[in-house]
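I opened this entry to record what I looked up in the model. The notes follow the order in which I checked things.

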Amino acid sequence: MLFQDTALIYGRYLRQSLRSRFALLFGVLMPLLYLLFFGPLLTDLPLGGQGSSWQVLVPGLLLQLGLFGASFAGFSIIIEKGQGVLERMRVTPVSRLALLLGQVLRDSTVFVFQAVLLVLAALVMGLRAPLPGVLIGFAFVALLTVSLASLSYALAMKVRTPQEFGPAINAMTMPMMLLSGLMLPMTLGPAWLDVLSHFVPFRYLVDAVRDAYVGSYATAHMGYGVLVAVAFTTLAVTVGTRVFRTAGA
């Protein structure tokens with residue numbers, strides 16, 4: 001029943017996304033602008049890592065896509081709460097876990113599709129990366145989306161208005177972006193900043209995807225990245241499900 005319920009919810013929300021092709025394409029606009037206007041500035045610069053500047057920048061942009069897109073996913077829940085849609089769904093026999101999983105899996109599908117578009121554009125710009133590494137990057141985007149979207153929906157269930165939700169998300173996502181090394185490796189900064197960045201989980205995901213893009217798969221960065229991604233996803237889905245079960249009860 002969980003699988004059937006999840007598939008039903010997933011199909012409903014995916015159809016909504018497919019009807020909004022404008023949003024699908026413009027969701028990738030910010031990372032694409034970074035790729036077009038920031039990427040060429042890094043060409044031939046010593047970035048302190050293996051591979052080319054594109055192999056440093058593109059993994060960060062992929063995770064940036066998941067970070068900002070999934071973190072703001074909860075806006076849709078606030079709208080549905082105001083319209084009474086969510087309450088009508090919650091009084092049905094559908095699993096509360098399915099209510100969450102159907103939505104976060106839709107988000108994961110959308111952002112992986114946008115990540116594919118971003119990588120195709122990067123290939124035109126000069127990116128060269130092994131296919132297994134590119135696929136590993138997509139897997140990390142999917143896990144990051146599931147975890148952050150789960151927490152975003154949980155927060156949206158607790159707040160009353162978009163005016164409360166937006167600033168809270170901004171306050172969390174900006175430090176994550178600045179301290180995870182999405183744009184440039186944190187090893188380029190002072191030692192204290194590099195040490196501080198290790199307390200941000202997304203640092204490990206960025207390092208893992210960058211290793212994958214240069215063909216290094218059996219590394220400490222990859223091991224830590226997988227462990228952090230799986231643990232964070234499990235925790236986020238657990239929290240999100242508990243909130244969906246108890247909110248408004």
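**Notes on helix packing and burial**

I began with Arg106. Leaving out residues up to four places away in sequence, I find that Arg106 touches Tyr10, Tyr13, Leu14, Ser17 and Tyr153. I am working from a predicted model, so I treat each contact here as a feature of a prediction. Arg106 belongs to helix α7, which covers residues 96-125.

Next I looked at the core. The largest nonpolar core has 65 residues. Those with the most contacts inside it are Val58, Leu62, Leu63, Phe140, Tyr153 and Tyr213. Tyr153 is also among the residues that Arg106 touches. Which helix gives this core its largest share? I find that it is α8, with 12 residues. I then followed Leu63. With neighbours within four places in sequence set aside, Leu63 is in contact with Phe140, Val141, Leu144, Leu182, Leu205, Val206 and Val209.

I turned to the pair α8 and α9. The axes of α8 (residues 131-158) and α9 (residues 162-179) come within 10 Å and cross at roughly 145°. I note the crossing as right-handed. On the α8 side the contact is made by Ser152, Leu155 and Ala156, and on the α9 side by Phe165, Ala168, Ile169 and Met172. By type, the residues of this contact are 6 nonpolar, 1 polar and no charged.

I checked α9 by itself. Its 18 residues should span 26 Å at 1.5 Å a residue, and since its end C-alpha atoms are 26 Å apart, I record agreement. Phe165, Gly166, Ile169, Thr173, Met177 and Leu179 of α9 are buried. What do the buried residues of α9 pack against? I list α4 (53-71), α5 (75-83), α8 and α10 (191-197). After α9 comes Gly181, with a positive phi near 75°.

Last, I looked at α12, residues 220-246. This helix has 27 residues and reaches 39 Å from first C-alpha to last, close to the 39 Å expected at 1.5 Å a residue. Its buried residues are Met222, Gly225, Ala229, Thr233, Ala236, Val237, Gly240, Thr241, Val243 and Phe244. For reading such a list, I keep in mind that an α-helix has 3.6 residues a turn, so residues three or four places apart point the same way.

Methods. Residues numbered from 1 in each chain as written. Predicted model: local features only at pLDDT ≥ 70, side-chain atom pairs only at ≥ 80, totals over all residues. Heavy atoms only, no water. Axes fitted to C-alpha atoms, helices over the stretch in contact; angles between N-to-C directions. Helix = DSSP H or I, 4+ residues; strand = E, 2+ residues; numbered from the N terminus. Left-handed = near helix turned anticlockwise from the far one by under 90°. Contact = heavy atoms within 4.5 Å. Nonpolar A, V, L, I, M, F, W, Y, C, P; charged D, E, K, R; others polar. Expected span 1.5 Å × (residues − 1). Buried < 20%, exposed > 50% of the residue type's maximum accessible area, 1.4 Å probe, protein only. Core = buried A, V, L, I, M, F, W, Y, C linked by side-chain atoms within 4.5 Å.
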